[in-house]
Amino acid sequence: MSNHAPGSSLPVSGLIGYCRAGFEKELAAEIDDIAADAGLIGYLRALPDTGYVVYETFEPVPLAALGEATDWRRPVFARQLLPWFGRVEGLPERDRATPIVAAVKASGQRFSGVVLETPDTDVAKQQSGFCRRFAEPLSRELEKASALRTSRTGLPILHVLFTDAATAWLAAEMPGQASPWVMGVPRLRMPSNAPSRSTLKLAEAFATLLSDEERESLLRAGQRAVDLGAAPGGWTWQLVNRGLRVIAIDNGPLRDNVMATEMVEHIRADGFTWRPPRPVDWMVCDMVEQPSRIASLMAEWIATGKCRRTIFNLKLPMKRRLEAVEQCRTLIQKRLHSVGPYELRIKQLYHDREEVTAYLALKK
């Protein structure tokens, strides 16, 4: 019996990442570094405003050789990161299934499921209706060709990314390595009584930056939290809705329905200078300020034990976005290197725009 995981010998042609349209350059730079660390030799395809980036190797490599390079959590600007093994072009309008099935069959790999996707752009999403209609017929044809075995656990999941009506990229999702959401986008509903849409950003941060086990163990009713820059209360509402008691720091007003919960203490103060009288479990921050200043403040709270963990937003400059993120990493590292090992996770969320969201905590 083989000791290799199912799919580990699949010959792949590189990496494909999905991102917010307009951030292809930043994701390309990150994928280039990831490929170099994995010892890959190839080149990048990154066109502006397409919502995806491709790294193509000069020669196919076994999937196992990529190691941690396929972990979608590593690049800040990737909503999804997958090893791709096929590109099918010139798809006929009346029979797209046959050439796709043939390409999957030629890979020699069986899959346990299939996901049809498009990049998150207005042009590409015109294919979304087709994807919904095409999913079942394509699955049937893959099953007939013995390329799809939905009863088999541990096999990769097949992703078919339609970048236009006639082009499909074929990629393999390995268990635990990829974003669990179609197109890398969590489908969150706006609560009817939330004070602002920013509440979805914190909800997505909890879903994306924390594992299921961490959400259960680290985010519990009865905990105490601080929200810096709280008005009008979107992030405070999200915390209160999870049963946390919140000190909301902002010179501006909070919505009446947030204060009516009786779980919020509103203090009109400067978020950069105010400190809690005793340590809290969580501190969250969505203040509009230079990212370096926010990063330094977050590191200070963690270093001095004012909070155990924090989730915060970094508003990026239009130019030098990736450099700004790296500057923030460096500032945090310098402040915490003598305090102890720490965990820093940064992602551009679906509900972020010219910004990224981060989680920071000391490791136990």
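**Sheets, helices and rings**

Modeller: Let's start with a helix. H8 lies across S8, S11, S12 and S14. Its direction is at about 180° to S12. Keep in mind that this is a predicted model.

Colleague: What unit does H8 make with S11 and S12?

Modeller: A right-handed β-α-β unit. Helix H8 covers residues 291–303.

Colleague: And what is the strand order in that sheet?

Modeller: The order is S10-S9-S8-S11-S12-S14-S13. That makes an open sheet of seven strands, with mixed pairing.

Colleague: Which strands stand at the edges?

Modeller: Strand S10 (264–267) and strand S13 (342–347). Each has a single partner strand, so one side of each has no neighbour in the sheet. From one strand to the next, the twist averages 15°.

Colleague: Let's look at S11. Is it mostly covered or exposed?

Modeller: Mostly covered. Six of the six residues in S11 (280–285) are buried.

Colleague: How many bridges join S11 to S8, and how many to S12?

Modeller: Four bridges join S8 (224–228) to S11, and those strands run parallel. S11 and S12 (307–315) are joined by five bridges, also parallel.

Colleague: What is Met283 paired with?

Modeller: Met283 is the bridge partner of Val226. Met283 also stands opposite Thr310 in S12.

Colleague: And how do S8 and S9 run?

Modeller: Parallel, with five bridges between S8 and S9 (245–249).

Colleague: Which strands does H4 lie across?

Modeller: S11, S12, S13 and strand S14 (355–362). H4 runs at about 55° to S14.

Colleague: Switching topic. What is the order of the sheet that holds S1?

Modeller: S2-S3-S1-S4-S7-S6-S5. It is an open sheet of seven strands, and the pairing is mixed.

Colleague: Which strands are at the edges there?

Modeller: Strand S2 (42–45) and strand S5 (113–117). Each has a single partner strand, so one side of each is left without a neighbour in the sheet. The twist averages 30° from strand to strand.

Colleague: How do S1 and S3 run?

Modeller: Antiparallel, joined by seven bridges. Leu15 has Tyr55 in S3 as its bridge partner.

Colleague: Where does Ser13 lie, and is it buried or exposed?

Modeller: Ser13 lies in strand S1 (11–18). Ser13 is buried, with a relative accessible area of 15%.

Colleague: What does Ser13 touch?

Modeller: Leaving out residues up to four places away in sequence, Ser13 touches Tyr55, Glu56, Thr57, Trp84 and Phe85.

Colleague: Now the rings. How many aromatic pairs are there?

Modeller: The count comes to twelve aromatic pairs.

Colleague: Why is the pair of Trp72 and Trp181 called edge-to-face?

Modeller: The planes are at 90°, and the cut-off for edge-to-face is over 60 degrees, so the pair falls in that class. The ring centres are 6.3 Å apart.

Colleague: Where do those two sit in the chain?

Modeller: Trp72 is in the loop between strand S3 (52–62) and strand S4 (80–88). Trp181 is in the loop between strand S7 (167–173) and helix H4 (198–209). They are 109 residues apart.

Colleague: Are they buried or exposed?

Modeller: Trp72 is buried, with a relative accessible area of 6%. Trp181 is partly exposed, at 22%.

Colleague: And what about Trp84 and Trp169?

Modeller: They form an edge-to-face pair, 4.9 Å centre to centre with 80° between the planes. Trp84 lies in strand S4 and Trp169 in strand S7, so the pair ties together parts 85 residues apart in sequence. Trp84 is buried at 3% relative accessible area. Trp169 is buried too, at 5%. Tyr52, Trp84 and Trp169 form one aromatic cluster.

Colleague: Last one. Which rings do Arg96 and Arg321 lie over?

Modeller: The charged end of Arg96 sits over the ring of Phe130, 4.3 Å from its centre. Arg321 lies over the face of Phe23, 3.7 Å from the ring centre.

Definitions and conventions. Residues numbered from 1 in each chain as written. Predicted model: local features only at pLDDT ≥ 70, side-chain atom pairs only at ≥ 80, totals over all residues. Heavy atoms only, no water. Phe/Tyr/Trp six-rings, centres within 6.5 Å; stacked < 30°, edge-to-face > 60°. Buried < 20%, exposed > 50% of the residue type's maximum accessible area, 1.4 Å probe, protein only. Lys NZ or Arg CZ within 6 Å of the ring centre and 35° of its normal. Pairing = 2+ DSSP bridges. Right-handed = clockwise from strand over helix to strand, strands pointing away. Axes fitted to C-alpha atoms, helices over the stretch in contact; angles between N-to-C directions. Contact = heavy atoms within 4.5 Å.
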